[in-house]
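Take a look at the structure below. Keep it in view while you read this short report.

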Amino acid sequence: MFAARLCTRVAVARPLIQPLVAVQPAVVRSLHSSPVCQDESLEQACKCIGAGCATGGVAGSGAGIGTVFGSLVEGYARNPSLKTQLFSYCVLGFALSEAMGLFCLMIAFMILFAL
């Protein structure tokens with residue numbers, strides 16, 4: 001019985017010359033900073049969506065600037081003697097809020113043109 005099984009296995013065994021698994025040649029790739037995209041329109045669409053999301057911060061910057069100057073008017077109406085101090089705080093708030101908006105815009109342009 002064992003000899004019969006051994007003979008049947010030898011009959012169905014593959015020849016030694018034929019490889020068991022198809023070996024594919026190694027692919028040599030150079031170093032790329034971004035993967036190669038086969039579909040350019042999909043890549044462009046993703047860039048536009050990402051840039052649109054990044055520019056959402058510009059709207060927040062506009063709202064922040066409006067809040068800063070609205071608070072300046074309100075503070076000046078309550079106490080006119082603090083005009084110079086309130087204005088210096090207002091300019092500082094404007095600069096910080098505008099910087100955040102410009103950072104968002106910079107990231108949007110980097111997504112569109114640098115990647």
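This report on a predicted model covers a helix, a serine and some aromatic rings.

## Helix 2

Helix 2 spans residues 40–54, which makes 15 residues. From first C-alpha to last, helix 2 reaches 21 Å, close to the 21 Å expected at 1.5 Å a residue.

Lys47, Ala51 and Ala54 are buried in helix 2. Seen down the axis, the buried residues of helix 2 fall within an arc of 60°, so they line one face. They pack against helix 3 (56–78) and helix 4 (83–113). The face turned away from the buried side carries the exposed residues Ser41, Ile49 and Cys53.

## Ser61 in helix 3

Ser61 sits in helix 3. Its relative accessibility is 7%, so Ser61 counts as buried; the cut-off for buried is under 20%. Leaving aside residues up to four places away in sequence, Ser61 touches Ser97, Glu98 and Gly101.

## Aromatic pairs

How many aromatic pairs does the structure hold? There are two. Phe69 and Phe94 form a tilted pair, 5.8 Å centre to centre, with 55° between the planes. This pair links distant parts of the chain: Phe69 is in helix 3 and Phe94 in helix 4, 25 residues apart. Phe69 is partly exposed at 35% relative accessibility. Phe94 is partly exposed too, at 33%.

Phe109 and Phe113 have ring centres 6.2 Å apart and planes at 25°, so this pair is stacked. Both residues lie in helix 4, four residues apart, so about one helical turn separates them. Phe109 is partly exposed, with a relative accessible area of 47%. Phe113, at 67% relative accessibility, counts as exposed.

Definitions and conventions
Residues numbered from 1 in each chain as written. Predicted model: local features only at pLDDT ≥ 70, side-chain atom pairs only at ≥ 80, totals over all residues. Heavy atoms only, no water. Helix = DSSP H or I, 4+ residues; strand = E, 2+ residues; numbered from the N terminus. Expected span 1.5 Å × (residues − 1). Buried < 20%, exposed > 50% of the residue type's maximum accessible area, 1.4 Å probe, protein only. Arc of directions from axis to C-beta. Contact = heavy atoms within 4.5 Å. Phe/Tyr/Trp six-rings, centres within 6.5 Å; stacked < 30°, edge-to-face > 60°.
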